[in-house]
Amino acid sequence: MAEDGERYFKATFPGKFGFSVILVPGGLPDLTEATPLEYMERLLLQNTIFGDTVLLEGVAQEAGGTVIVTSQPHITGGAVSQEEIFDFMDRLWFRPLQCLQLGRPGSLAFYRDLDEVTAFDAHPGNFVKDTEGIVLPIDLILLRAGDELQKALAPFLAG
């Protein structure tokens, strides 16, 4: 945490940059390790879609690989229910992807055709409700879905 308590700093594990989504044989989506560029695109989507202010603080080279250091505002808050997650995502025009779970067990997945953005690993641990009751996502797997991923997601969209 920053000395003033306003921002948390986060460093990736050396050579690890979270997750992205690929299509496995059979055309189903699955998680894979993200590249540094995919990780940075994910953070940019977090800022753009949710109005966050994740900042790139630096890049370092360690024995195990590259490390990306970011910071984001400190948020004091409480737990969020799945119903609150659905309501929050619905207000932003995200539709649930039924029966598609990528990430933590029990997590939700969403798609927004407005800008072809997908959100995976949506579970109560990746959201917080601030002191004013506003729900905020903090660590979703976000990406723009290309044509093939859009086709693969179509059967999971609620009608």
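Two strands count as paired if DSSP finds at least two bridges between them. I take helices (H or I, at least four residues) and strands (E, at least two) as DSSP runs, numbered from the N terminus. My residue numbers start from 1 along each chain as its sequence is written. This is a predicted model, so I hold local features to a pLDDT of at least 70 and side-chain atom pairs to 80 or more, while totals for chains, interfaces and linings use all residues, and side-chain values use heavy atoms, with hydrogens and water left out.

**Entry 1**

I looked up an open sheet of three strands and found the order 6-10-11, with antiparallel pairing. Strand 6 (77–78) and strand 11 (135–137) are its edge strands, each pairing on one side only. Strand 6 is joined to strand 10 (residues 127–130) by two bridges.

**Entry 2: salt bridges**

How many salt bridges does a search of the whole structure find? I get five (a side-chain nitrogen of Lys or Arg within 4 Å of a carboxyl oxygen of Asp or Glu).

Lysine 129 turned up again, in a salt bridge with glutamate 84, where the closest N and O atoms are 2.6 Å apart. Glutamate 84 lies in helix 2 (residues 82–91) and lysine 129 in strand 10, so this pair ties together parts 45 residues apart in sequence. For accessibility I call a residue buried under 20% relative accessible area, exposed over 50%, and partly exposed in between (1.4 Å probe, protein chains only). Glutamate 84 is partly exposed at 23%, and lysine 129 is partly exposed at 24%.

Next I checked aspartate 139 and arginine 42, whose side chains meet in a salt bridge (2.8 Å, N to O). Aspartate 139 sits in the loop between strand 11 and strand 12 (141–144) and arginine 42 in helix 1 (residues 36–50), so the pair ties together parts 97 residues apart in sequence. Is arginine 42 buried or exposed? Arginine 42 counts as buried because its relative accessibility is 8%, whereas aspartate 139 is partly exposed at 28%. Shared partners join Lys10, Arg42 and Asp139 into one salt-bridge network.

**Entry 3: an acidic patch**

Asp113, Glu116, Asp147 and Glu148 form a negative surface patch (residues with over 30% relative accessible area and no salt bridge, like charges joined within 9 Å). I placed aspartate 147 in helix 3 (residues 147–153). Aspartate 147 counts as exposed because its relative accessibility is 58%.

Definitions and conventions. Patches are made of residues with over 30% relative accessible area and no salt bridge: like charges are joined within 9 Å, nonpolar side chains (Val, Leu, Ile, Met, Phe, Trp, Tyr) within 5 Å. Accessible areas come from the Shrake-Rupley method with a 1.4 Å probe; for residues, only the protein chains shown count as cover. Lys and Arg count as positive and Asp and Glu as negative; His and the chain ends are not counted. The place of a charge is taken as NZ of Lys, CZ of Arg, CG of Asp or CD of Glu.
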